[in-house]
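Welcome! Let's take a friendly walk through one protein model, starting with its core and ending with a few single residues.

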Amino acid sequence: MSSNIDADSLPLVPGALAGVAAWVLGYVFTYLLVSSDLRESGLNQFAQAFGDGDATYELVGWVFFNSHFAETVIDAGFFGDTTSFIGGENGFTALLYVIPVALILASGLAIGRYQGVTDINDGAIAGALVVPGYLILSIVGAFLFRVEAGGASGQPDLLPAIILAGIVYPVVFGAIGGAIASVTAEDDSSGL
């Protein structure tokens, strides 16, 4: 199989846009699934009473990062801990882990189809181009989803939020999506 991607034909902008779309849709789907519970949670009520108001969108961000296995860091001065709001006895459904995987796979697949890849390596390269868009929003979200209330604070654990959510997930699942695009591409060499 010959490679049909060269450095000049890489779909950098479409790949980055697909990464942005996957991240935004992942957050929106997470918001739709967990925001009502988080809005009524004791944590949000504490943030409303002792912080800057409703923290629902930040708390949803914590859960979204948790779906990438990036934990949330809670710092209450004398007490600090990391936690995940997915799984466990009182956590949200573990099916939330599927959201980023499915959306990044779909984005990698879309970029592979857009590029018309037929070689598995080209597909993996094209699919991995979702990284820049996904990484930028992961960095922004890691800082944006910070909650401070009553001397306590919480936010996604920065290093895993950037490395796992921003780099590892889009590289791995974007590349797999692009590779799937190449394997499932219709063979036009039949002459029909």
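## The nonpolar core

A nonpolar core is a set of buried Ala, Val, Leu, Ile, Met, Phe, Trp, Tyr and Cys residues joined through side-chain atoms within 4.5 Å. Here, buried means under 20% relative accessible area, exposed means over 50%, and partly exposed lies in between (1.4 Å probe, protein chains only). This is a predicted model, in which local features need pLDDT of at least 70 and side-chain atom pairs count only at pLDDT 80 or more, while totals for chains, interfaces and linings use all residues. Residues are numbered from 1 along each chain as its sequence is written, and side-chain values use heavy atoms, with hydrogens and water left out.

The largest nonpolar core has 35 residues. Those with the most contacts inside this core are Trp 23, Val 34, Leu 38, Val 63, Phe 65 and Leu 96. At least two core residues come from each of helix H1 (12-39), helix H3 (56-66), helix H4 (98-115), helix H6 (131-144), strand S3 (147-149) and helix H7 (158-183). These labels follow DSSP runs, numbered from the N terminus: helices are H or I with at least four residues, and strands are E with at least two. In soluble globular proteins, nonpolar side chains tend to be buried together.

## A closer look at Val 34

Is Val 34 buried or exposed? Val 34, which belongs to helix H1, is buried, with a relative accessible area of 1%. Leaving aside residues up to four places away in sequence, Val 34 touches Val 60, Val 63, Phe 92 and Leu 96, where contact means heavy atoms within 4.5 Å. Val 34 and Leu 96 are 62 residues apart in sequence, and their C-alpha atoms are 9.6 Å apart in space.

## Where H1 meets H6

H1 and H6 pack at an angle of about 45°, with their axes 6 Å apart. That makes H1 oblique to H6. Angles under 35 degrees count as roughly parallel, over 145 as roughly antiparallel, 65 to 115 as roughly perpendicular and the rest as oblique. The axes are lines fitted to C-alpha atoms, for helices over the stretch in contact, and angles run from 0 to 180 degrees between N-to-C directions.

On the H1 side, the residues include Ala 16, Gly 19 and Trp 23, and their counterparts in H6 include Pro 132, Tyr 134 and Leu 137.

## The four-stranded sheet

Four strands form an open, antiparallel sheet in the order S2-S1-S4-S3. Two strands pair if DSSP finds at least two bridges between them. Strand S2 (80-83) and S3 are the edge strands, each pairing on one side only. Neighbouring strands are turned by 15° against each other on average, direction ignored. H3 packs on this sheet, touching S1, S2, S3 and S4, and its direction makes about 45° with that of S4.

How many bridges join S1 to S4? There are four, and the strands run antiparallel; Thr 72 has Pro 156 in S4 as its bridge partner. Five of the five residues of strand S4 (residues 152-156) are buried, so S4 is largely enclosed by the rest of the structure.

## Two positive phi angles

In the hairpin of S3 and S4, which has two residues between the strands, Gly 150 takes a positive phi near 55°. Phe 69 has a phi near 65°, a positive value in a residue other than glycine. Phe 69 sits in the loop between H3 and strand S1 (72-75) and is partly exposed, with a relative accessible area of 49%.
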